[in-house]
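This briefing covers helix packing and aromatic pairs. The sequence and structure come first, and the notes follow by topic.

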Amino acid sequence: MTQPLLNEIVAEIEHSPHQAIPFSRYMELALYHPEWGYYQTNRTKLGKEGDFFTNAHVGTVMGRVLGRLFWRMVAMTGNEEEWVLVEMGAGDGRLMEQVANEWLAQGGKSDKLHAYLVETSPHHRRLQQERLGSHPISFHWSRRLEEVPRAKYSFLYTNELVDAFPVHRIKKEGGAIWEAYVSKGKNGRLSECWFPLKESDDPAVWERGRILAEGQIAEVPVAAREWLSQVTGWLEKGILLTIDYGGETEELLARREGTLRAYREHRLWTDLYHTPGEMDLTAHVDFTLLRLWGAELGLHTFACLSQAEFLLRAGVLDLLPATPARDPFSAEAKQARAVTHLIHPQGMGERFRVLLQGKGVSASDMEQLVPNL
């Protein structure tokens, strides 16, 4: 366990009125403490040597599809100078690299792409700069979206960002609604406790609690609503594309124990409090809420699709070799396997979803970008 982070959490617990802090605050500290949070430290998190993979690690397919989508967006306006490309939470930078490479492959000029990576983690920012430092395109970094210059048009995307936002954890027991807190347990360990939730607390949390079945546990991603508000306020006109694993409210509520998980070295951990700062905490994304909150904030939902359906509609089959590769180790064979893995129901195709929302963009424009939405 990261002792300085544990000490910080315990100190905050001891200074709190209830001698306990909300689980959402614990998750925020465990993941984003500026010095010892999981995403802030130099620990390797992505890839074989880390704790999890993303679809950007499955060949270059996802980045090429997004790059072609962005290219079509720019072509519709006829002026690349009016556009800005933004990735929030870019990990090791490989997805942005893939998107930028496809921009160049489509004929885009290196000095015409205004690309920004919004990243709070010094470790990930360093990895991104190492990967992209010699790229022909000049990339820009910022810690907050508000620091990115606003343009007439924007294409902002995220890949496995929202699942890592802190969540409120609630349950229904004895007909009452309770919220999870974290307190100081025995032997220096942290423990979970529950306090009654009041109707005067956050309405989104209360409303989710009302529809729970007796004995059911669920998460409410209030931080995701705050993020959507931030993005909507920054956007002048453009697209927000969210890629993540999750489902609709009804699907998520079918999991009576909730969806909150801890991962370390590609293994699932059941103890959420064992090693704060040394494991990833994640909850499935509620895409119903993202659409509802987006609409309230002024975002129009164009589509919410499985990753497989999105990729197929966006033209992923165009990336398959014209003829089957004879050599299983060839680049063509690897490309075909990557496409299959990203769209296969038993791979990432049905576990991940893609939400397309826009501000100031017409449905007819979206139809040209992604046919048959």
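A crossing is left-handed if the near helix is turned anticlockwise from the far one by less than a right angle, and right-handed if clockwise. By that rule, α1 and α2 cross in a right-handed way. This is a predicted model, in which local features need pLDDT of at least 70, side-chain atom pairs count only at pLDDT 80 or more, and totals for chains, interfaces and linings use all residues. Residues are numbered from 1 along each chain as its sequence is written, and side-chain values use heavy atoms, with hydrogens and water left out.

**Helices α1 and α2**

- Helix α1 spans residues 3-14 and helix α2 residues 23-32; they pack at about 155°, with axes 10 Å apart.
- α1 is therefore roughly antiparallel to α2 (angles over 145 degrees count as roughly antiparallel, under 35 as roughly parallel, 65 to 115 as roughly perpendicular and the rest as oblique).
- From α1, L5, I9 and E12 meet R25, Y26, L29 and A30 of α2, where contact means heavy atoms within 4.5 Å.
- This contact of α1 with α2 has five nonpolar, no polar and two charged residues.

**Helices α3 and α11**

- Helix α3 (residues 61-77) and helix α11 (residues 331-343) pack at about 80°, and their axes are 9 Å apart.
- α3 and α11 are therefore roughly perpendicular to each other.
- V61, M62 and R64 in α3 meet Q335, A338, V339 and L342 in α11.
- By class, the contact of α3 with α11 has five nonpolar residues, one polar and one charged.

**Aromatic pairs**

- There are 14 aromatic pairs in the structure (rings of Phe, Tyr and Trp, the last by its six-membered ring, pair if their centres lie within 6.5 Å; planes under 30 degrees apart count as stacked, over 60 as edge-to-face and the rest as tilted).
- The pair of F23 and Y26 is tilted, because the ring centres are 5.8 Å apart and the planes stand at 50°.
- Both F23 and Y26 belong to helix α2 and are three residues apart, about one turn of the helix.
- F23 is buried, with a relative accessible area of 0% (buried means under 20%, exposed over 50%, partly exposed in between, with a 1.4 Å probe and protein chains only).
- Y26 also counts as buried, at 0% relative accessibility.
- F155 and Y157 form a tilted pair, 5.8 Å centre to centre with 40° between the planes.
- Both F155 and Y157 are buried.
- One aromatic cluster is formed by F70, W71, W83, W103, Y153, F155 and Y157.

Definitions and conventions. Axes are lines fitted to C-alpha atoms, for helices over the stretch in contact, and angles run from 0 to 180 degrees between N-to-C directions. Helices (H or I, at least four residues) and strands (E, at least two) are DSSP runs, numbered from the N terminus. Ala, Val, Leu, Ile, Met, Phe, Trp, Tyr, Cys and Pro count as nonpolar, Asp, Glu, Lys and Arg as charged, and the others, Gly among them, as polar.
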